[in-house]
Amino acid sequence: MKYMSEYRDPVLAKQFLEEIKTTVTQPWSIMEVCGGQTHSLVKNGIIEMLPDEVTMIHGPGCPVCVTPLNLIDKAVYLATEKGVILCSFGDMLRVPGSQKSLLEAKAEGADVRVLYSPLEAVKIAEDNPDKEVVFFAVGFETTAPANALSVVHAHIRGVKNYSILASHVLVPPAIKAVIDDEESKIDGFLAAGHVCTIMGNAEYHPISEKFEVPIVVTGFEPLDVLQGILMVLRQLEQKKAEVENQYARIVREEGNPDAQKVIHEVFEVKNQMWRGIGEIPESGYAVREEFAAFDAAKKFSVNIAEAPEHPDCISGQIMKGIKKPFECAQFGKTCKPTNPLGAPMVSSEGACAAYYHFSGMVEQA
Amino acid sequence: MCLAIPGKIKSIDLQYNGLVRMAKVSFGGITKEASLEMLPDANVGDYVLVHVGVAISKLNEEEAQRTFKYLEEIGELGELEDVDEYLPNSEKKAS
Ligand code: SF4
């Protein structure tokens with residue numbers, strides 16, 4: 001228990017762990033969907049403290065990791081060839097495109113900016129009326145209200161030189177896709193707390209019922225994750241399959257209706273490509289026709305051929321939970337956070353980067 | 001990038017003919033602007049969870065402080081600082 005002393009409430013953490021140990025009678029695999037949870041599991045050594053029967057599988061829970069290669073190439077093209085001011089969240093800059101990353105484009109002189117919020121991009125557009133400003137709008141449902149709101153603000157303020165390059169991914173269809181995949185065998189899920197803060201829990205009930213899997217909406221702190229695991233295990237051992245809410249202090253059953261409203265005003269559901277995984281039906285958002293003037297995909301005709309992934313990167317298998325990062329031959333050798341071959345090595349919420357930084361697996365690889 | 005950071009609403013400002021409701025939110029020592037359009041009933045003094053410039057949920061003071069401290073400990077408050085000077089070497093320590 002080398003990490004225990006670092007917990008806010010080590011007594012409670014220990015108690016959860018003991019309960020986990022007495023609850024489990026057979027092997028189970030649990031997938032945590034959110035990259036923040038992966039980070040917590042690996043960084044706090046929870047994986048090593050769990051009994052052998054419990055295998056944690058790291059889901060596709062990092063929007064940066066699943067943004068299609070082709071869209072990165074498009075963003076790079078807009079920044080380098082079309083002279084737009086290309087803005088995004090920090091993690092997006094290092095994600096390798098087929099030729100270069102946005103960070104490399106920036107180093108070569110393109111105007112690429114890291115922002116804290118898409119709302120700031122609207123201001124940049126206002127301040128630079130003779131330039132086009134594009135926000136590379138990636139994210140799960142948690143980030144969708146902010147990206148949608150930037151379009152609404154631009155509309156209200158009459159800002160015409162602003163658009164978003166949308167790459168949104170939705171959690172419930174991804175959970176379904178993971179369950180449907182024959183190679184992956186997952187008994188229960190920790191759903192992402194902040195996603196449910198926006199969307200509520202309604203979408204998870206039919207999944208849990210149909211596929212007979214427990215789904216526990218869980219926070220991202222170590223104690224949350226431990227408790228979420230315990231709740232899933234209790235259901236599994238009792239042969240139950242329900243939706244439970246570990247994160248009730250933040251997540252309400254109905255989510256945030258005002259946030260859902262702005263999402264539906266600006267976006268409509270569409271099929272979405274997930275990097276390393278492939279297309280998942282109805283798992284993304286496209287900008288609605290009414291707001292087409294703010295849709296970078298429509299505003300700029302960019303036709304860039306699909307490029308293949310790096311041949312040595314097995315990120316698809318990592319994100320479906322079929323392989324662990326240290327089972328990749330490149331892990332920690334040719335692929336490191338400073339020189340990532342695939343997207344899961346970029347963001348600290350990506351499974352490969354989390355293992356690289358925290359788990360001591362580097363030596364084993 | 002998926003994290004939401006708790007802060008306290010210092011002031012509220014209606015912009016664009018009242019169509020846009022923005023707040024100054026204090027996170028520890030750092031004050032940032034955040035939209036309150038997803039939380040129409042949030043007021044000055046309330047604690048809110050802010051994700052990329054948009055307040056998405058209210059929370060109580062105790063919970064806000066506990067979460068803030070946790071984020072501070074794991075070094076995940078970096079995105080509040082001025083991110084425009086982004087360079088690979090200046091990354092958040094914990095990542
Ligand atoms: S370690 Fe690197 S190359 Fe291997 S799967 Fe992860 S990102 Fe891809």
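Me: Contact here means heavy atoms within 4.5 Å. With that in mind, how many residues does the contact take from chain A and from chain B?

Reply: Welcome to a predicted model, where local features need pLDDT of at least 70, side-chain atom pairs count only at pLDDT 80 or more, and totals for chains, interfaces and linings use all residues. Residues are numbered from 1 along each chain as its sequence is written, chains are lettered from A and ligands numbered from 1 in the order in which they are written, and side-chain values use heavy atoms, leaving out hydrogens and water. For the contact, chain A gives 51 residues and chain B gives 44 residues.

Me: How many salt bridges does the rule find across the interface of chain A and chain B?

Reply: A salt bridge is a side-chain nitrogen of Lys or Arg within 4 Å of a carboxyl oxygen of Asp or Glu. Arg249(A) and Glu63(B) form one, with their closest N and O atoms 2.6 Å apart. Across the whole interface of chain A and chain B, the count is 3.

Me: Now inside chain A: how many salt bridges link domain 1 and domain 2?

Reply: The domain bounds come from an automatic or database domain assignment, with domain 1 of chain A covering 5-62 + 178-245 and domain 2 covering 65-170 + 255-299. The contact takes 10 residues from domain 1 of chain A and 14 residues from domain 2 of chain A. Between these two domains of chain A, the number of salt bridges is 0.

Me: What distance separates the centres of domain 1 and domain 2 of chain A?

Reply: The centres are taken over C-alpha atoms. For domain 1 and domain 2 of chain A, the separation is 31 Å.
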